[in-house]
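This briefing goes through selected features of one structure, grouped by topic. The sequence and the coordinates come first.

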Amino acid sequence: MKKQHDPWPRQAKILRNILLTALLVFLMWDAWLWPTFSYRADLRRVERQMLFPEPEMTLELETFHGNLYRIDLAGDAVVAAYPRRGTFFAVANPSRHFLGEEPELFCVPYTIAPPDGADQRQPWAVYAVFRPPEDAARALLALHNSDGDFTAEGVREENIFLFCICPELDELAHNIWFTPERYTYELAFYDSQGNLLQEVTG
Amino acid sequence: MSWLEWLDTATKKILFRPDRKAVRRELEAHLEDLREASGLDEETAVASMGDPAALAEELGRLHRPWLGYLWRASQIALIGAAVMYCLVLAMLATRPHFQYRTLPGVDLYNYLQADTGTMAALYDLPAAEERELLSGTVLETGGYTIRNNRAVYRRAGGEDGWCLYIDLDITESRWEEPLDPWFILSGIRTNKGDAVKSSRSTSVDWGLWQKCAFALSGLPEDAEWVELDLGWGEWKRTLRIDLTEEAET
C-alpha cells in the first residue's frame, strides 16, 4: 500500500483557508456596501459622501426607547439620524434638511426620554430651531395642532434651541406631533433685556 | 497482545480523531508490508513493531491536537463564508445599485436615457441647438477630486427650453465612499437668479473612480453662466460653467 503524500502541510492549509475566508468576508462586506459596527462611524461616512464636513455642532438625544438620535449641523444643512434596527450591522438612517434664511422649526420624529428635572416620566415631543438670531437669550414656541395649543420655552444648546412638550399619552399616539403638515407654530426670540428680536411663523 | 489492542494503545494519545484514523491506517499498512516481506505470523509481527506505549507518547507529541482543531475550524469558516457569499450575491443581484456599481465604464448617457421624465425628454428629443462648452475645471474637497469632464448646453425643445448636462469625473481617497450625487448639490445659480426648472443626477462608481452626471433643465433663455455649489459648510466648492464659451472641437 502506497502512502499518499499531501502536497500542503497542515499549517499551509490553515493559512490558505483563513485567507480565502477573509477574502470572501471582504467581498461580502463590499457587496453589502461596506457596513460598519458603529452607528456613529456609519453616519460619519454617509456625511462624507454628502460632502458634509465635520459637524460644527452635534446634538445627541436619547429617545424614549433608549436609542440615540443624533443631529449634526454644518453650513446650510442638517443631518439627523438614528440607528436602524433589525440589522446585524450598525446602520445610520439619516434624514437631510436644508436650512433656509429664517430659523424654522425642526421636528424630532421620535419621542424622547424626559428631560432632566421633568416631573412626568413619559415620552416627550421635541422640536429644534437651528441658527436662531445671534443675540437671542430666550425663545418661546406656541404650537397648535388638533389636540390643542401648547407652549414651551426653548433651552439653548450652542446654536440650537430645543423645545420639549409633554403631551398626554393618548395624544402622543396620534401622528400630529411629528408631521409638520399637521401643526402650525409661532416662534418668538428675545434678547437678554427681554426685547423681541424676531418672530417666525410656520 | 492482539493487533487491534496494539493499535489502540499506540494511537490513544492522538486526540484529533482524523489524525488518529490516518495513523492507524498507516500502521496497518506497515504491518501488512512487514508480514508480506518476512512471512511472520500476526503475533510475532506485532511484537516486532515495538512497545506501543512508547510509540503512543511519541505520536501524541507529534500530532498536536490544537493544530487539527484549528484546521477543522478554518474549513468550517471557509465553507460558511462561501455559503454566505452565495446568499449575499443572490440577495443583492436584484438590487439596481448593485448591478450598476459592478459595471465599469458604463455609459452614463445610455443610463440617463433609460431614466424617466425630464432626462428622457432631454436626450430623446432632437436638439434644436447644441453647444459643447468649455470644461476641465478641477475642484478638491473632502478627500475627493472633482473634474468637470464635459458640459453640453442644448435646447431640447418642448417646455424644458435650455438644458445643461454636466459630466463629472470624481476620484476618491476612500474607495468605499462614493459621493452621494444628489445631496452634494447645495445650490444652483445663474446670472439671472436661481431659476432652474428641475435638476436630475445620477452616478456610477468603481473602486476609486466615480462618474457623476447632473442635468439642469429650464435654464433662463439668456443665461450666461451657471454656478453649482457642491458640498456644505467648509467643504462647499463652486463649479462655474460659462454658457457663452464653446469648447474647441
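The points below cover chain A, the contact between the chains, a helix pair and a sheet. The model is predicted. Chain A holds three helices and twelve strands, and its contact with chain B takes 29 residues from chain A and 35 residues from chain B. In chain B, three strands form an open sheet with antiparallel pairing.

**Chain A overall**

- Chain A has 202 residues, of which 29% count as buried.
- Taking the contacts in chain A between residues at least 6 apart in sequence, 55% join residues at least 24 apart.

**Contact between chains A and B**

- Chain A contributes 29 residues to the contact and chain B contributes 35 residues.
- On the side of chain A that touches chain B, α1 (10-31) and α2 (39-49) of chain A each supply at least two residues.
- The most comes from α1(A), which gives twelve residues to that side.
- By class, the side of chain A that touches chain B divides into 17 nonpolar, four polar and eight charged residues.
- One residue of helix α1 of chain A is A:Ile14.
- Once neighbours within four places in sequence are left aside, A:Ile14 is in contact with B:Leu70, B:Trp71 and B:Ser74.
- A:Ile14 counts as partly exposed because 19 other C-beta atoms lie within 10 Å, whereas a buried residue needs 20 or more.

**Helix pair in chain B**

- Helix α1 (residues 3-11) of chain B and helix α4 (residues 52-62) of chain B have axes that come within 7 Å and cross at roughly 35 degrees.
- From α1(B), the contact is made by B:Trp6, B:Thr9, B:Ala10 and B:Thr11.
- From α4(B), B:Pro52, B:Ala53, B:Leu55, B:Ala56 and B:Leu59 take part.
- The residues of this contact comprise seven nonpolar, two polar and no charged.

**Sheet in chain B**

- The strand order in the open sheet of chain B is β5-β8-β9, and the pairing is antiparallel.
- Strands β5 and β9 of chain B are the edge strands, each pairing on one side only.
- From one strand to the next, the twist averages 15 degrees.
- Strand β5 (residues 185-190) of chain B is joined to β8(B) by five bridges.
- Strand β9 (residues 237-242) of chain B is joined to β8(B) by six bridges.

**Strand β8 of chain B in detail**

- Strand β8 (residues 225-230) of chain B has a covered face made of B:Val226, B:Leu228 and B:Leu230.
- The uncovered face of β8(B) consists of B:Trp225, B:Glu227 and B:Asp229.
- B:Asp229, on the uncovered face, is the bridge partner of B:Gly187 and also has B:Thr238 in β9(B) as a bridge partner.
- B:Leu228, on the covered face, has B:Leu239 in β9(B) as its bridge partner.
- The hairpin of β8(B) and β9(B) has six residues between the strands, and B:Gly231 in this hairpin takes a positive phi near 95 degrees.

Methods: Residues are numbered from 1 along each chain as its sequence is written. Chains are lettered from A and ligands numbered from 1 in the order in which they are written. This is a predicted model: local features need pLDDT of at least 70, side-chain atom pairs count only at pLDDT 80 or more; totals for chains, interfaces and linings use all residues. Axes are lines fitted to C-alpha atoms, for helices over the stretch in contact, and angles run from 0 to 180 degrees between N-to-C directions. Helices (H or I, at least four residues) and strands (E, at least two) are DSSP runs, numbered from the N terminus. Two residues are in contact if their C-beta atoms, placed from the backbone, lie within 7 Å. Ala, Val, Leu, Ile, Met, Phe, Trp, Tyr, Cys and Pro count as nonpolar, Asp, Glu, Lys and Arg as charged, and the others, Gly among them, as polar. A residue is buried if 20 or more other C-beta atoms lie within 10 Å of its own, exposed if 12 or fewer, and partly exposed in between; C-beta atoms are placed from the backbone. Two strands pair if DSSP finds at least two bridges between them.
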